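Subject: Structure for you to look at

Hello,

Here is the structure I said I would pass on. Please open it beside this message and follow along.

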Amino acid sequence: MGERSERTTRVSRASTVLNEQLRDAREQSAASREILAALGRAGADPEAILDTILERAAHLCRAQAATLYIPEGDVFRLSRDTGKIPEEFRKLLLDQPLARNRSSTVGRAAEEMRTIQIPDVFNDAEYGRKDLQSLAGYRTLLSTPMILQNEVVGVLSMWRTNVKPFNPRECELLEEFAVQGAIVMRQDSLRRALTSKVDQLEALREVGDTVGSTLDLDEVLEQIVNNAVRLTKTDGGSIMEYDESTDSFHVRAAYGSSAELLKQLLATTIDRRTTLVGRAATARRPLEVPDLAETELDPHLEALFGDGWRSVLAVPILRGDRILGVLVIRRRSIGSFGPHVELLETFAGQSALAIVNARLFGELQTKTKELEIASHHKSEFLASMSHELRTPLNAVIGFSEVLLDRMFGEINERQDEYLRDIWNSGRHLLELLNEILDLSKVEAGQMVLEPTPFSVGSALDYCLAMVRERATLHAITVTVDVADGIDTIEADELRFKQVVLNLVTNAVKFTPDGGGVSVRASREGTDLIVTVADTGIGVPVEDQERIFESFQQGRRGAPKEEGTGLGLTLSRRIVWLWGGRIWLQSAPGNGSTFGFSIPGVLQADSEPASPAGEDLPAMLLVDDDRASLDLNSAYLDGLPARVLRAKDGIEALESVRRERPAAVVLEVGLPRLDGWQVLAELKADPATTAIPVVIATDVDDRSRGLSLGADAYLRKPIRREDLLEALRQVGAL
Amino acid sequence: MTARRVLVVEDNPLNLKLIRDVLQISGYDVIEAQSGEEGLRVAQQNPPDLVLMDLQLPGIDGTETLRRLRQGTLGPNVPVVAVTALAMAEDKEAAARAGFDGYLEKPISVRALPGQIEAFLAGRPSVQP
C-alpha cells in the first residue's frame with residue numbers, strides 16, 4: 001500500500017468523520033427546529049415535546065436510554081423515559097427515588113448544577129445505586145441539570161450499557177436539550193400551576209357550597225377528603241374526629257382506603273398524646289412522616305404501613321382553642337408533602353366549619369325536640385288541670401245556682417248575698433281556667449282558626465248583649481255602629497266574639513256610672529277595623545304597652561275590677577293569629593279606645609275608606625312584600641296611628657292623595673311604579689310635598705333617596721326602634 | 001202522664017247529684033250510673049227516654065258506652081247527649097261523629113238544663129251557647 005493510498009485512506013477517514021459530524025449537526029439542528037417549532041405551537045403537548053427531546057438525545061448521543069427526573073422534596077423521581085427500561089427498575093425507583101447527593105449522577109448534577117459523567121459505574125467509589133444498575137445493566141452514565149432561575153427543575157440523564165464515555169460534543173448536545181427541556185418545563189409548570197390553582201379554587205368553592213348547603217356532616221367531610229387527595233395528587237386520606245370524652249380520635253370520613261384498612265382503623269384507638277395525629281392536634285400544626293419505614297410507628301401508622309402506605313401528613317382541624325379533628329393525607333410512596341400543606345390547611349379549616357355547623361345543628365335539633373316535648377307536656381298538663389278543676393267548679397257553680405234560683409225553697413238576703421259571692425267566684429275561676437287553656441294553646445301553636453262566614457253586626461250585638469245587663473246596672477250607654485257595606489265576613493266567629501267580648505267587658509268594667517261605651521266596625525282597604533271606645537279613666541302612656549301583657553291591669557284601678565288579667569294578652573295573641581293588629585289609644589281622663597283589625601276580610605272598595613279611628617293619623621306602608629308589610633304593621637302596633645297598606649307604586653299614590661297620611665314608609669323596588677318615581681311625584685305635587693316619606697328598603701342608595709326629597713332613609717332589615725325613631729323625626733308620631 | 005226517665009252517666013258524685021236534683025225537681029224520673037258499664041246495666045233494666053253522658057269516664061268511655069247502648073236495648077230515637085269539660089271545637093265534632101244527638105258543655109247551667117232536656121226530648125236539639 002503506497003503513501004498515497006494511505007493518505008487517501010486518512011483523507012477518506014477524515015472525510016467520513018466530517019460527514020458523520022455534518023450529519024449529526026444536521027440531525028441536531030433538525031431536532032432543535034422540531035422542538036422549537038413544537039414549543040411555539042399553541043396547545044402543544046409538553047409531555048410529547050419532552051418525549052421527543054429524550055428520544056432525540058438518546059439517538060444523537062447513541063445512548064441506550066434517556067431519562068428525565070423531576071425533583072420532589074429532597075428526592076428525584078423518574079418522570080419520563082425513552083422506554084426499553086425494565087419494569088423492576090421503574091418500580092424500585094418509585095419506591096426509592098434518587099437522593100440529591102453523590103450516590104448518583106442525577107443527584108450530583110442537581111447538587112453541583114453542572115453536567116456529570118460517570119464513565120464506568122463499577123469504577124466509581126461514590127456511586128450508590130448498584131441496586132438500580134443491576135436491573136438496568138448500564139455502565140456509563142451522563143446527567144445534566146435543567147435549570148430555571150437558578151433552580152434545578154429536572155435532570156436529563158443517559159446511559160450506555162457498555163463502558164464508552166460520552167464525548168464533549170455529546171455532553172454539549174445533552175446540555176442543549178436540557179435548556180430546551182427547561183423551557184418546556186417552565187411553560188408546562190406555568191400551565192399546571194394555573195390549572196391546579198383553578199382546580200383548587202373550584203374544589204374549595206365546591207366544598208364551601210356543600211358546607212353551606214348540607215348539614216350531612218359525613219357527606220361534607222367525605223367531599224373534603226376526596227378533594228384534598230385529588231388536588232394534592234396523593235393516594236388517600238381520612239378525617240379523624242376528636243372525641244373529648246376519651247381524648248382520642250376516630251375515623252369519620254375516608255377516601256382511597258380499602259375496606260380492610262377502614263375496618264382496621266375503626267378498631268384502632270388513636271390516642272391524642274401518643275400518635276402522630278394526636279401530636280399534630282396538640283401542637284396545633286401540620287406534622288408529616290415522609291417515610292413510614294424510618295419512624296417509630298404508633299398504632300395508627302402501623303395500620304397504614306401494614307396496608308402499604310409510606311408517607312403521611314396530619315393537619316389539625318381546629319376551632320378557636322378546641323381540637324375538632326385531624327385531616328390525614330397519605331401516599332403509597334415516600335416523600336415530603338411540603339408544597340401542599342397550605343392548601344390542606346384550608347381544607348382543614350373547611351372541615352372545622354362543617355363540623356361546627358353540624359354540631360350546632362345537632363344541638364339545635366336536640367334543644368328543639370326537648371322544647372317541643374316540654375311544651376307538649378305543659379299543654380297536656382294545662383288541659384288536664386283545666387279538666388280536673390272544671391269538674392269541682394261545676395258543682396260549686398251549679399249548687400249555688402240551684403239555691404239562688406230557690407229551687408229548693410226561699411233563702412234570706414244574707415244567704416242570697418253569700419251565694420252570689422260563691423257563684424261569682426266560681427265563674428271567675430272558670431273564666432281564668434278557660435283563658436289559661438286558650439293561652440297555652442296559642443303558645444303551643446295548637447290554636448287553629450276556623451273561619452266561617454258570619455255577620456259582623458250580629459256578632460257585635462251578641463257581645464253587647466252579654467254586657468248589657470251590667471251596663472244598665474251602672475247606667476252606662478252602650479252603642480254599636482257598623483259602617484255601610486260591612487256585613488258578612490269570613491273569619492273565626494268564636495275567636496272574633498271572644499276578642500270583642502273581652503274589649504267590651506273591659507270597657508264597661510272601667511267606665512264609671514253614667515258613662516258610655518261605643519263599638520264601631522269600619523273598613524281600611526280590605527281590613528275590618530273594630531274599635532271599642534269608653535269614657536273611663538284612661539290608661540297612662542307608660543302603661544299602654546304593659547297592659548297587653550299577662551296579669552297587668554295597669555293603673556286603671558276600677559273599684560270593682562275582677563278581670564283575669566289574661567284577657568288582653570289572649571286577645572292580642574288571637575288577633576296576631578289572624579295577622580291583624582291590636583292597639584290602644586288613651587289619655588288619662590279622656591277614656592280609652594281599643595281597636596283591632598282583621599286583614600283582608602272585606603271586599604275591595606273603590607269608595608274612599610271611611611275614616612277609621614277618626615282622628616288617628618294614618619301611616620301608609622308601601623311594600624310589595626307581604627311579610628315586610630306585616631312586620632312594619634306589627635312595629636306600629638299599639639301606637640296611636642292607623643295603618644294603611646299599598647302593594648305597588650300606583651296604589652301608593654292613590655292612597656296618599658285620598659288619605660293624606662301623616663307619613664309614607666316606602667320600599668324602592670315596587671311593581672308598576674317604583675319607589676323613586678313615587679317619591680319624585682309626591683315631592684313634585686304641592687298637595688303632597690309636605691307629607692314625609694321614609695324610605696325603607698334593601699336598596700343601598702341613600703344619596704339618591706335624599707336628593708329626591710326623602711325625609712329619612714332606612715336599610716332593611718329594619719328594627720322597630722329605627723322605624724319609630726324615623727317617624728318621630730319626620731314629625732309623624 | 002208518667003214522668004220521662006233520664007239516665008245520667010257521670011263519674012263525679014257531686015255533679016251527678018247536682019244534675020239528678022235539678023232534673024228531679026223539674027219533674028223527671030232520674031236513674032244514674034257512675035261508669036259506662038253501670039250505665040249499660042241500668043239502661044237495660046229501666047229503658048230511659050234520654051241519656052246524659054259524661055265523655056270522660058273510667059273504664060269504657062262515653063263514646064264506647066254510646067256504641068254499646070245503641071247496639072243493645074236503647075231505641076234509635078232515644079236522644080243521647082254528651083256532657084264534657086273539654087270545650088274544644090274538635091271535641092264537639094268528635095261527639096257529633098260518634099253519634100251523640102247533642103252536646104252540653106260543663107259547667108252545665110242548672111237554669112237552662114231542664115229546658116235543654118225538654119228540647120232534646122221534643123226532637124229539637126238545643127244549641128249550646
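What percentage of the residues of chain A count as buried? Of its 733 residues, the figure is 39%. Keep in mind that this is a predicted model.

Chain A has 20 helices and 24 strands in its secondary structure. Take the contacts in chain A between residues at least 6 apart in sequence: 63% of these join residues at least 24 apart.

Next, the sheet. Chain A has an open sheet of six strands, with antiparallel pairing, and the order across it is β3-β2-β1-β6-β5-β4. At the edges are β3 (98-99) and β4 (116-118) of chain A, each of which pairs on one side only. Strands β1 (residues 65-72) and β2 (residues 75-81) of chain A run antiparallel and are joined by six bridges. A:Glu72 is found opposite A:Val75 in β2(A).

Two helices lie across this sheet. Helix α2 (residues 46-60) of chain A lies across β1, β2 and β6 (151-160) of chain A, and its direction makes an angle of about 135° with β1(A). Helix α4 (residues 105-112) of chain A lies across β1, β2, β3, β4, β5 (140-148) and β6 of chain A, at about 35° to β5(A).

Last, the contact between the chains. Chain A and chain B each put 15 residues into the contact. On the side of chain A that touches chain B, helix α11 (residues 341-404) of chain A gives the most, with 11 residues. Sorted by class, that side of chain A has seven nonpolar, four polar and four charged residues.

Regards

How values were computed:
Residues numbered from 1 in each chain as written. Chains lettered and ligands numbered in written order. Predicted model: local features only at pLDDT ≥ 70, side-chain atom pairs only at ≥ 80, totals over all residues. Pairing = 2+ DSSP bridges. Helix = DSSP H or I, 4+ residues; strand = E, 2+ residues; numbered from the N terminus. Contact = placed C-beta atoms within 7 Å. Axes fitted to C-alpha atoms, helices over the stretch in contact; angles between N-to-C directions. Buried ≥ 20, exposed ≤ 12 C-beta atoms within 10 Å, placed from the backbone. Nonpolar A, V, L, I, M, F, W, Y, C, P; charged D, E, K, R; others polar.
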